[in-house]
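Please keep the structure in view while reading.

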Amino acid sequence: MAAEIISGKELALKTRAELKEETNKLISQGVTPGLAVILVGDDPASSSYVKGKEKACAETGIYSQVDRVPSTISETELLEKIETLNNADEIHGILVQLPLPDHISEDKVIEAIDPQKDVDGFHPINIGKMMIGKDTFLPCTPFGIIHMLKSKNIEISGRHAVIIGRSNIVGKPVGQLLLNEHATVTYCHSRTANMKEITRQADILVVAVGKEGFVDSSYVKEGAVVIDVGVNRNSEGKLVGDVVFDEIKESASYLTPVPGGVGPMTITMLMYNTVLSAQRFVE
Ligand code: GUN
């Protein structure tokens, strides 16, 4: 069976067009959704992600401001900047691009963001709400994955979802969201014994490892849905995922590509959360 490729690029375009309509409604009510991004230092990958976020804001009619600060900024100064944004009426979403330099505590920074403006969904209060299934900002990559599955009417309830990876940003929360959708969830990670035996049971396999070619067809059951969250550079400098795409596309039922899969949806869900936040401020 040849897999149907789920294009995150196409779904992102459609979702961004819908969001633009919501933004226009808000603007007609006198509120322009606003996103503030703080970028510490000049890491090329982080700079490129932030540019992508600015572009997506422009496309969806969201006001954006990016504060680029040197990596020598002190933790106190950064926390003060966040406090100013917490109190800024025109800002509905605050995002501090991670990772941060070693002298700054990521935990302190995340916890300093007003949970009502935490459009990344990283604040412990929002993570707690997600755990108990309450309405909250959902972390963008996991939320984008759920959106992709739903866009293809892929059944989640009652199915076995296996996640490879247990990061706080992707692995753990995507498992939680799939559980909230009534999947049976198993996590695999670097200490998992007999990983293939587990992943071969997956109806939905989410791969978030960060290693090129980690998952080949020996990990995947015929007809499984495979979501590739990896973003790696191969030896030719090209962006590639964690999955051996050409192999898996022969046996999966659905497969996400890299690039053009989960990545564009992550940014789109950030726009979604920012618009949602502005709507909450209007209510
Ligand atoms: N760095 C890599 N991904 C992310 C993300 O989703 N949010 C933030 N704030 N930083 C990141």
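## Helix packing and fold

Helix α1 (residues 8-28) packs against α10 at an angle of about 15°, and their axes are 9 Å apart. The two helices, α1 and α10, are therefore roughly parallel to each other, since angles under 35 degrees count as roughly parallel. Their crossing is left-handed. On the α1 side, the residues in contact include Gly8, Leu11, Ala12, Thr15, Leu19 and Leu26. On the α10 side, the contact residues include Val262, Met265, Thr268, Met271, Tyr272 and Val275. This description, like everything that follows, rests on a predicted model.

Helix α10 (residues 262-282) has a further partner in helix α2 (residues 44-60). The axes of α2 and α10 come within 10 Å and cross at roughly 55°. As a result of that angle, α2 and α10 are therefore oblique to each other. The crossing of α2 past α10 is right-handed. From α2, the residues Gly52, Lys53, Ala56, Cys57 and Thr60 take part, and they meet Ile267, Thr268, Leu270 and Met271 of α10.

| Helix pair | Angle | Axes | Crossing |
|---|---|---|---|
| α1 and α10 | about 15° | 9 Å apart | left-handed |
| α2 and α10 | roughly 55° | within 10 Å | right-handed |

## The sheet

In what order do the strands of the open sheet stand? The order of the 6 strands is β1-β11-β8-β7-β5-β6, and the pairing is parallel. β1 (4-5) and β6 (184-188) stand at the edges with a single partner strand each, so one side of each has no neighbour in the sheet.

## Domains and annotation

The protein is divided into domain 1 (30-114) and domain 2 (140-263). The C-alpha centres of domain 1 and domain 2 lie 29 Å apart.

The UniProt record, in an unreviewed entry, lists residues 6-120 as "domain: Tetrahydrofolate dehydrogenase/cyclohydrolase catalytic". Over residues 6-120 the chain is 50% helix and 16% strand, with the end C-alpha atoms 24 Å apart. The record also lists residues 139-280 as "domain: Tetrahydrofolate dehydrogenase/cyclohydrolase NAD(P)-binding", again in an unreviewed entry. Over residues 139-280 the chain is 35% helix and 17% strand, and the end C-alpha atoms are 17 Å apart.

Most residues other than glycine have a negative phi, and most peptide bonds are trans.

Where does proline 99 lie? It is found in the loop between β4 (93-96) and α4 (106-112). The peptide bond that leads from leucine 98 to proline 99 is cis, with omega near 0°. A cis peptide bond is also present from valine 258 to proline 259, with omega near 0°. Proline 259 belongs to the loop between β11 (254-255) and α10.

Histidine 182 is not a glycine, yet it has a positive phi of about 75°. Histidine 182 is placed in the loop between α7 (171-180) and β6.

Methods: Residues numbered from 1 in each chain as written. Predicted model: local features only at pLDDT ≥ 70, side-chain atom pairs only at ≥ 80, totals over all residues. UniProt positions renumbered as here; feature names shortened; annotations may be inferred. Helix = DSSP H or I, 4+ residues; strand = E, 2+ residues; numbered from the N terminus. Pairing = 2+ DSSP bridges. Domains from an automatic or database assignment. Axes fitted to C-alpha atoms, helices over the stretch in contact; angles between N-to-C directions. Parallel < 35°, antiparallel > 145°, perpendicular 65-115°, else oblique. Left-handed = near helix turned anticlockwise from the far one by under 90°. Contact = placed C-beta atoms within 7 Å.
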